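Open the model in your viewer and keep the selection tool at hand. The tour goes stop by stop.

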Number of protein chains: 4
Amino acid sequence: MIIVMEESASEKQISGITDTLVRLGLVIHRSMSVHRAILCAVGDRPVALENIKALEGVKEVLHVKEPYKLASRSFKPETTEIKIKDVTIGGREVIVMAGPRTVESREQVMAIAECVSRNGAKVLRGGAFKARTSPYAFQGLGEEGLKYLREAADRFGLVLVSEVMEASQIPSFIKYVDILEIGARNMQNFSLLEEIGRFNKPVLLNRGAAATVEETLLAAEYIMSGGSYEVMLCERGIRTFLRNTFDISAIPVFKGFSHLPVIADPSHTTSMRDEVAAVAQAAVAAGADGLMIEVHHEPENASCHGMQSLPPEQFEQLMRRLRMIAKAVDRHMLSPLIEAASA
Amino acid sequence: MIIVMEESASEKQISGITDTLVRLGLVIHRSMSVHRAILCAVGDRPVALENIKALEGVKEVLHVKEPYKLASRSFKPETTEIKIKDVTIGGREVIVMAGPRTVESREQVMAIAECVSRNGAKVLRGGAFKARTSPYAFQGLGEEGLKYLREAADRFGLVLVSEVMEASQIPSFIKYVDILEIGARNMQNFSLLEEIGRFNKPVLLNRGAAATVEETLLAAEYIMSGGSYEVMLCERGIRTFLRNTFDISAIPVFKGFSHLPVIADPSHTTSMRDEVAAVAQAAVAAGADGLMIEVHHEPENASCHGMQSLPPEQFEQLMRRLRMIAKAVDRHMLSPLIEAASA
Amino acid sequence: MIIVMEESASEKQISGITDTLVRLGLVIHRSMSVHRAILCAVGDRPVALENIKALEGVKEVLHVKEPYKLASRSFKPETTEIKIKDVTIGGREVIVMAGPRTVESREQVMAIAECVSRNGAKVLRGGAFKARTSPYAFQGLGEEGLKYLREAADRFGLVLVSEVMEASQIPSFIKYVDILEIGARNMQNFSLLEEIGRFNKPVLLNRGAAATVEETLLAAEYIMSGGSYEVMLCERGIRTFLRNTFDISAIPVFKGFSHLPVIADPSHTTSMRDEVAAVAQAAVAAGADGLMIEVHHEPENASCHGMQSLPPEQFEQLMRRLRMIAKAVDRHMLSPLIEAASA
Amino acid sequence: MIIVMEESASEKQISGITDTLVRLGLVIHRSMSVHRAILCAVGDRPVALENIKALEGVKEVLHVKEPYKLASRSFKPETTEIKIKDVTIGGREVIVMAGPRTVESREQVMAIAECVSRNGAKVLRGGAFKARTSPYAFQGLGEEGLKYLREAADRFGLVLVSEVMEASQIPSFIKYVDILEIGARNMQNFSLLEEIGRFNKPVLLNRGAAATVEETLLAAEYIMSGGSYEVMLCERGIRTFLRNTFDISAIPVFKGFSHLPVIADPSHTTSMRDEVAAVAQAAVAAGADGLMIEVHHEPENASCHGMQSLPPEQFEQLMRRLRMIAKAVDRHMLSPLIEAASA
């Protein structure tokens with residue numbers, strides 16, 4: 001049940017209604033819409049809509065037909081803006097998150113962070129722990145990798161995102177990263193979703209390879225129902241008869257049904273670099289709020305998936321094109337030079 | 001076998017080699033590359049590569065590992081430019097093909113043709129015969145529909161494309177249309193492909209809903225091996241667990257493997273208009289040479305699939321955005337006003 | 001609209017109603033149900049159901065919600081039995097159709113026909129014309145192949161099925177074969193479906209690789225609406241992220257929605273012979289009315305797909321198991337020895 | 001690296017080689033093949049195969065090309081038999097695991113356990129904790145549910161399997177259940193797989209909805225590399241354009257590549273009861289070592305998914321058919337009456 005308050009509703013009226021509903025056994029979430037308060041009441045107990053509608057300050061009471069409530073546009077008409085340091089994800093600026101797939105060494109992280117920062121990326125991404133399909137594959141540098149990433153992010157003024165593999169890692173991740181990433185294979189690891197929802201930290205949630213839009217929004221709902229509202233959705237391709245197909249339509253569809261920012265990760269769709277760049281361009285043209293790009297300063301020496309990582313010069317060219325495409329769809333990506341000049 | 005000739009090779013050398021190979025039982029196709037002649041020899045007979053290599057004027061002889069030969073970039077390094085009247089498909093200009101999914105009446109066709117022409121579309125598309133999944137569904141106006149389309153195309157200076165359903169229709173289609181379209185369900189109707197290859201008419205070949213990139217290029221090869229080299233590939237989505245998913249990556253992949261122009265048709269991926277526009281934008285950003293867009297002047301009254309057709313005002317807004325995106329990827333779409341001004 | 005007649009309805013009442021509906025512009029099909037006549041009226045014209053219900057001899061009038069009518073169980077409650085010579089497809093006997101994927105020579109066809117006949121197959125299957133994805137692949141022996149197949153079928157008392165590729169081939173096929181097969185790639189080649197529906201000959205319709213159950217039944221409806229009611233459906237796998245997955249559930253689902261016999265073809269799902277046999281066994285256990293099995297007397301020398309063809313000894317072992325499984329699901333497959341003894 | 005010992009190799013030779021390899025930094029697993037010892041050495045360190053081959057008692061040294069080692073048939077030629085109380089999974093008997101999808105009450109569990117036991121099921125299955133896609137859906141009775149299941153299993157002499165949702169639940173599950181089940185959505189929850197591998201308890205591992213055969217065997221390898229060798233694989237359908245398609249071919253394929261027992265769960269493929277029974281029959285015919293069947297004594301009152309649960313009478317009929325099909329494929333399922341008589 002969504003309770004839309006009048007614009008003129010007082011804080012007292014809002015908290016009065018909240019108290020009433022809590023006493024009825026419901027859990028209440030409040031949306032931070034700019035125009036008016038919107039409450040979302042979740043719970044098993046049947047409550048007569050008319051009674052709520054009759055309360056003072058209430059504009060309308062809606063039944064949300066979608067199974068997700070907090071993630072839906074009905075609950076929050078404006079796209080959520082997630083502010084981390086001086087970066088805003090979900091605003092007019094298209095945010096690029098870039099970095100190595102896997103942390104290999106301090107030197108590697110520093111070199112790549114310098115490159116992505118110089119070209120206008122705002123967020124550093126990098127894998128410290130690796131979810132590998134085989135128990136015998138390289139599992140990452142672990143906490144040491146997180147330290148390198150944090151050091152590099154700080155030096156180059158970047159926000160940091162890295163993938164957390166299991167609930168027990170969350171506390172140590174929180175010391176290092178700004179955004180907790182949940183990998184595609186964990187999208188329906190409900191105990192991890194619930195646990196992460198208890199920490200008030202932005203989350204980047206990857207869509208599972210076989211997940212529908214609704215299932216993805218329900219996974220976000222698991223996190224949000226724990227009180228952690230700052231969730232970004234990440235489209236990175238679905239399993240099809242071609243193995244992995246980037247679902248470009250998911251971008252407008254997610255944005256139609258939900259207020260959460262949508263990030264696109266074209267790295268998994270391909271083993272051709274031209275394809276990565278083309279899909280990145282397409283994602284911004286389709287309305288993505290951000291991009292995840294794998295960059296490697298020496299892709300031919302990368303420990304794995306070097307073919308999916310862009311070398312610096314190709315990343316630079318891509319960023320130039322993205323700035324023009326962003327403008328074409330009423331968004332922007334400031335050129336680092338312009339920013340430097342205006343600083 | 002691909003035989004790349006020296007730039008300096010004379011016409012006599014080229015025809016000498018051609019004759020030799022024909023006598024050996026091979027079929028020879030000649031590519032119209034700007035720099036040099038490239039021959040493709042197709043057939044069962046084993047021919048010693050070294051013997052061919054030794055002939056005068058021959059630069060190199062390649063074995064094409066892909067099963068398609070004439071459609072491959074090895075045979076023809078430059079993208080094929082298909083010139084129809086004053087329109088060039090496959091050049092720097094991104095070509096928009098727009099019109100009604102189904103011809104309903106003369107008035108409807110005229111109204112839509114005027115709208116799409118005014119907004120910069122160069123090709124009129126419209127279904128006269130309809131391939132319907134059910135034998136009881138509306139099957140289209142038939143030849144009468146073709147007449148309306150031709151009349152509208154002529155009045156507004158548009159090139160015309162329409163889908164041919166079966167081999168017996170080809171002769172009457174050729175009287176009316178400039179481009180023969182083969183629908184996704186007929187992509188592996190090999191007898192239709194062969195038949196159409198006998199007419200020297202540009203063909204727009206839709207990828208089948210479950211076709212791989214290779215199978216699509218082999219379908220093009222069927223047409224080309226009949227001598228009809230002017231084939232365009234049309235990406236319009238594949239069957240996945242979400243039903244239809246537009247395969248945005250197919251655009252750079254087709255263009256990497258083949259010299260044939262690639263058209264994107266976002267209409268089948270969706271039932272939301274915003275999704276159609278977003279995917280159209282994405283396709284141009286990913287490098288498509290053209291777009292197919294369903295436009296209807298009164299979509300709420302369309303005989304079918306009204307939700308996939310853009311109304312005129314949304315089409316106009318889309319065209320404005322596409323012009324900016326085209327520029328961002330080193331292509332262009334002239335604004336109709338600019339064209340008018342320069343005329 | 002389905003009109004179920006009383007058991008006691010006279011032939012005169014039935015033809016009276018038929019005439020009335022025909023005069024109203026509808027096309028009438030009559031089902032050969034054992035208990036009573038069932039009519040299916042197809043057409044655009046709206047007819048008041050109550051008026052029809054009031055006519056004498058009418059038990060009930062149903063609206064068929066499925067888009068297919070003639071193929072639905074509502075129109076014909078009993079499974080259709082297709083009788084060809086002394087073979088009945090759709091009865092209690094599970095029918096095995098076996099033979100080479102491709103006809104290579106007269107000797108090959110004779111050797112394989114002898115083997116499959118000796119082991120209890122009732123139908124000889126073999127490809128004379130081949131639908132090949134590439135224009136350069138072997139296209140089959142053509143009409144010569146049909147002659148060999150017919151000769152072999154006659155010598156060993158087998159019914160013959162072979163795939164027709166295009167409408168123009170139908171008349172010559174009809175001279176040789178007992179069952180016309182439509183391949184998966186032609187399942188939505190509507191002009192071929194319509195054309196084949198004009199000949200009164202049993203049809204084996206392969207499900208397309210990306211076709212839903214409903215689309216397959218609509219393809220059958222295309223054939224049946226032309227008056228050719230003897231259609232068998234063939235499940236042979238769908239395109240998935242594993243490429244081809246045999247859809248075992250389709251067997252009970254087809255049989256639930258339709259009265260048409262269902263044949264299973266496990267050859268395309270695999271490149272392992274053990275998998276072919278396992279899926280064949282599964283199909284009979286799931287209720288298939290028949291099987292298509294590729295058998296080759298020298299699979300290692302087969303011109304193509306040798307790994308999918310069973311050698312004679314494995315075919316023999318499979319047939320023994322199938323006889324026991326058929327019995328477990330209240331069907332039967334007579335052992336050739338028993339048949340010989342009882343003769 | 002797989003080291004196959006001579007049949008005549010002494011225990012001393014085997015442990016000598018093991019010690020040598022452990023000193024070289026490898027982890028050694030020993031297969032319990034009936035004929036001879038087979039060792040699997042896992043690790044990063046390069047070891048010269050010839051040196052190992054030269055050691056006494058060694059028959060051959062193989063490189064396993066599959067990324068999974070312990071799960072492969074090369075390591076263990078005979079199918080693994082998992083013995084729990086008087087039940088053997090992976091032997092000639094086909095084992096039926098049956099029970100409610102979700103535990104609703106003590107009475108419900110008792111009634112269903114009685115029914116499934118009486119009809120020959122050997123394992124009771126039931127969900128105490130539920131992984132639900134939505135955070136607002138019923139999450140199960142939890143530990144209380146486990147108690148009811150244990151009580152029912154004990155009373156009717158059944159082995160018990162139930163799904164564990166997260167690592168922290170394992171210790172309490174171990175008090176109640178005989179087999180730990182890992183759900184499809186957790187198949188690539190690698191931290192859960194590793195944790196469960198530390199307990200020496202049989203595991204039933206569900207294939208993920210978008211997992212390949214190789215990924216599933218690698219998930220099993222995660223568990224086995226922790227020392228827990230008693231893993232069963234459960235096929236329950238993959239995501240396709242039809243949503244969920246039971247992959248019948250996976251049964252022979254898993255059994256070809258791996259020695260682990262394969263269980264089939266047809267409940268998720270369908271919403272028609274006839275389809276559940278047909279697929280169950282098919283799975284046994286294709287060689288499954290066991291079945292998971294949802295049974296509910298009052299399916300119309302089930303808290304969820306009632307349509308996928310068989311009512312007692314349909315379960316009884318299914319078991320009769322399964323006994324006959326098992327025999328047809330050289331397996332058996334004893335009838336409860338026969339067992340009672342021979343007792």
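Where is the place of Arg243(A)? Select this residue and look at the secondary structure around it: Arg243(A) sits in strand β14 of chain A, residues 243-245. This is a predicted model, so treat each stop as a prediction.

**Stop 1**

Most residues other than glycine have a negative phi. Arg243(A) is partly exposed, at a relative accessible area of 43%.

Next, select Arg243(B). This residue lies in strand β14 of chain B, residues 243-245. Arg243(B) is partly exposed, with a relative accessible area of 41%.

**Stop 1: two buried loop residues in chain A**

Select Val64(A). It is in the loop between β4 (58-62) and β5 (82-84) of chain A. Is Val64(A) buried or exposed? Its relative accessibility is 3%, so it counts as buried. Show the residues around it. Beyond its neighbours within four places in sequence, Val64(A) contacts Ile2(A), Lys69(A), Ser72(A) and Ser74(A). Then draw a C-alpha to C-alpha distance from Val64(A) to Ser10(A): it comes to 24 Å, for 54 residues of sequence separation.

Move to Pro299(A). Look for it in the loop that runs between β16 (290-294) and α10 (312-328) of chain A. Pro299(A) is buried, with a relative accessible area of 5%.

**Stop 2: the nonpolar cores**

Select Phe315(C) and Phe315(D). These two have the most contacts inside the largest nonpolar core, which has 178 residues. Zoom in on Phe315(D). What does Phe315(D) touch, not counting residues up to four places away in sequence? The list is Val96(D), Ala98(D), Cys115(D), Val116(D), Asn119(D), Ala121(D), Ile293(D), Val295(D) and Leu310(D).

There is also a second, separate core, of 176 residues. To find it, select Leu146(A), Ala285(A), Leu205(B) and Ile223(B), which are among its members.

**Stop 3: helices of chains C and D**

Select helix α9 (residues 273-285) and helix α10 (residues 312-328), both of chain C. Their axes come within 9 Å and cross at roughly 20°. α9(C) and α10(C) are therefore roughly parallel to each other. Their crossing is right-handed. Show side chains at the contact. From α9(C) come Arg273(C), Asp274(C), Ala277(C), Ala280(C), Gln281(C), Val284(C) and Ala285(C). They meet Gln314(C), Leu318(C), Arg321(C), Leu322(C), Ile325(C) and Ala326(C) of α10(C).

α9(C) and α9(D) pack at about 150°, with axes 7 Å apart. That angle makes them roughly antiparallel. α9(C) passes α9(D) in a right-handed crossing. The contact is made by Ala278(C), Gln281(C), Ala282(C) and Ala285(C) on one side, and by Ala278(D), Gln281(D), Ala282(D) and Ala285(D) on the other.

Finish this stop with α10 of both chains. How do the axes of α10(C) and α10(D) cross? They come within 8 Å and cross at roughly 175°. α10(C) is thus roughly antiparallel to α10(D). In α10(C), select Arg321(C), Met324(C), Ile325(C), Lys327(C) and Ala328(C). They meet Arg321(D), Met324(D), Ile325(D), Lys327(D) and Ala328(D) in α10(D).

**Stop 4: the rotation axes**

Zoom out and colour by chain. A rotation of 180°, with 0.0 Å of shift along its axis, superposes chain D on chain B (RMSD 0.1 Å). The two copies are thus related as by a two-fold rotation axis. To place this axis, select Phe241(D): its C-alpha is the nearest to the axis in chain D, at 1.9 Å. The same surface serves both copies, as 100% of the contact residues of chain D recur in chain B.

Last, compare chains A and B. Chain A superposes on chain B by a rotation of 180° with 0.0 Å of shift along the axis (RMSD 0.0 Å). Which residue of chain A comes closest to the rotation axis? Select Ala282(A): its C-alpha is 1.9 Å away. Of the interface residues of chain A, 100% are also interface residues in chain B, so the copies meet through the same surface.

Methods: Residues are numbered from 1 along each chain as its sequence is written. Chains are lettered from A and ligands numbered from 1 in the order in which they are written. This is a predicted model: local features need pLDDT of at least 70, side-chain atom pairs count only at pLDDT 80 or more; totals for chains, interfaces and linings use all residues. Side-chain values use heavy atoms; hydrogens and water are left out. A nonpolar core is a set of buried Ala, Val, Leu, Ile, Met, Phe, Trp, Tyr and Cys residues joined through side-chain atoms within 4.5 Å. Buried means under 20% relative accessible area, exposed over 50%, partly exposed in between (1.4 Å probe, protein chains only). Contact means heavy atoms within 4.5 Å. Copies are superposed by least squares on the C-alpha atoms of residues with pLDDT of at least 70 in both. Axes are lines fitted to C-alpha atoms, for helices over the stretch in contact, and angles run from 0 to 180 degrees between N-to-C directions. Helices (H or I, at least four residues) and strands (E, at least two) are DSSP runs, numbered from the N terminus. Angles under 35 degrees count as roughly parallel, over 145 as roughly antiparallel, 65 to 115 as roughly perpendicular and the rest as oblique. A crossing is left-handed if the near helix is turned anticlockwise from the far one by less than a right angle, and right-handed if clockwise.
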